[in-house]
Amino acid sequence: MRQPASVLAAAALLPLLLMGATACQSVSEGAAVAPAAVPAVPVDDGVPGSDGDPAAPAPAVVPATAKDARVGDSVRVPGRQVGQHLQVVLNAYVDPAVSVEKNFAPVAGKRWVAASMSFVNVGGASYGALGSMWAYDGEGQRHAIVPTGELTTGKPLVFDSLEVGERAEGWVVFEIPESARIVRLQYQDANTQANSGGGFWAV
């Protein structure tokens, strides 16, 4: 006896319906089916050595590097304009620095440190005013130059411009906390468009 087409179709669908029911039984009622797990992608948070783990402790700040110059070393610094070049030397570093004026001293809780610097215009064009200098302590804090006048070690560095072949030399002073230890000095040319016109010295 030949079965109607509707009966045959129902028989064909029965195994599929049973498989679907079995699969549904493996998931608890009302639970959503979670997508396949995606491997975590490390996030670069910009902190060297953290490997993207926000719980990892931040590395200690070590401002000085093996590439830094030392006392007595010269660094060639390009200026803002083509042909401008300074040969910069850190001649000496003293800690603490003392003014020749007995009543002139840093505020309470601070002390002075000083660097003897020399600048020679070795380029083919005149060089304008100096750029900026900073002293970095072991915590990575940056300290700017402060005016102190003459020190027991020598006169302050002052120049408005240097012609080709001219030289300027003198002391620059930084006021820092008593507990700070300076590890690095920086000279930066007055060029706000580039970060290459400067030099570092480890002290």
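**Close-up 1. The largest pocket holds about 180 Å³ of space.** The model shown here and in every view below is predicted. The largest pocket is lined by 16 residues. Ile145, Leu157, Trp171, Val172 and Val173 lie nearest its centre. Strand 4 and strand 6 (167-177) each supply at least two residues of the lining. Strand 6 gives the largest share, three residues. By residue class, the lining of the largest pocket divides into 12 nonpolar and four polar residues, with no charged ones.

**Close-up 2. Arginine 184 and aspartate 68 form a salt bridge.** The structure holds three salt bridges, and this view takes up one of them, with the closest N and O atoms 2.9 Å apart. The pair links distant parts of the chain. Arginine 184 is in strand 7, while aspartate 68 is in the loop between helix 1 (5-25) and strand 1 (74-78). The two are 116 residues apart. Both arginine 184 and aspartate 68 are buried.

**Close-up 3. The charged end of arginine 184 sits over the ring of phenylalanine 200.** The charged end is 3.7 Å from the ring centre. Arginine 184 is also the salt-bridge partner of aspartate 68.

**Close-up 4. The side chains of arginine 111 and aspartate 95 meet in a salt bridge.** The N to O distance is 2.8 Å. Arginine 111 lies in strand 3, and aspartate 95 in the loop between strand 2 (85-94) and strand 3, so the pair ties together parts that are 16 residues apart in sequence. Arginine 111 is buried, because its relative accessible area is 12% and the limit for buried is under 20%. Aspartate 95 has 38% relative accessibility and counts as partly exposed.

**Close-up 5. The peptide bond from aspartate 95 to proline 96 is cis.** Omega is near 5°. Proline 96 is found in the loop between strand 2 and strand 3. Aspartate 95 also holds the salt bridge to arginine 111.

**Close-up 6. Arginine 167 forms a salt bridge with glutamate 169.** The closest N and O atoms are 2.8 Å apart. Arginine 167 counts as exposed, with 51% relative accessibility. Glutamate 169 counts as partly exposed, at 46%. The limit for exposed is over 50%, and partly exposed lies between that and the buried range.

**Close-up 7. Phenylalanine 119 and tyrosine 187 form an edge-to-face aromatic pair.** By the pairing rule, the count comes to three aromatic pairs. In this one, the rings are 5.2 Å apart, centre to centre, with 65° between the planes. Planes over 60 degrees apart count as edge-to-face. Phenylalanine 119 lies in strand 3 (residues 110-121) and tyrosine 187 in strand 7 (residues 182-188), so the pair ties together parts 68 residues apart in sequence. Phenylalanine 119 is buried, at 0% relative accessibility. Tyrosine 187 is buried too, with a relative accessible area of 1%. Phe119, Phe159 and Tyr187 form one aromatic cluster.

**Close-up 8. Phenylalanine 104 and tryptophan 112 form an edge-to-face aromatic pair.** Their rings are 5.2 Å apart, centre to centre, and the angle between the planes is 70°. Phenylalanine 104 is partly exposed, with a relative accessible area of 35%. Tryptophan 112 counts as buried, at 3% relative accessibility.

**Close-up 9. The charged end of arginine 142 sits over the ring of tryptophan 134.** The distance to the ring centre is 4.0 Å.

**Close-up 10. Glycine 138 comes within 6.0 Å of valine 183, C-alpha to C-alpha.** In sequence, glycine 138 and valine 183 are 45 residues apart. Glycine 138 has its place in the loop between strand 4 (132-137) and strand 5 (142-144). Glycine 138 is partly exposed, with a relative accessible area of 29%.

Notes
Residues numbered from 1 in each chain as written. Predicted model: local features only at pLDDT ≥ 70, side-chain atom pairs only at ≥ 80, totals over all residues. Heavy atoms only, no water. Phe/Tyr/Trp six-rings, centres within 6.5 Å; stacked < 30°, edge-to-face > 60°. Buried < 20%, exposed > 50% of the residue type's maximum accessible area, 1.4 Å probe, protein only. Helix = DSSP H or I, 4+ residues; strand = E, 2+ residues; numbered from the N terminus. Lys NZ or Arg CZ within 6 Å of the ring centre and 35° of its normal. 1 Å grid on protein atoms, 1.4 Å probe; cavity = no way out; pocket = protein on both sides within 12 Å on 5 of 7 lines; lining within 4 Å. Points joined across faces, edges and corners; volume = space filled by probe spheres on them. Nonpolar A, V, L, I, M, F, W, Y, C, P; charged D, E, K, R; others polar. Salt bridge = Lys/Arg side-chain N within 4 Å of Asp/Glu carboxyl O.
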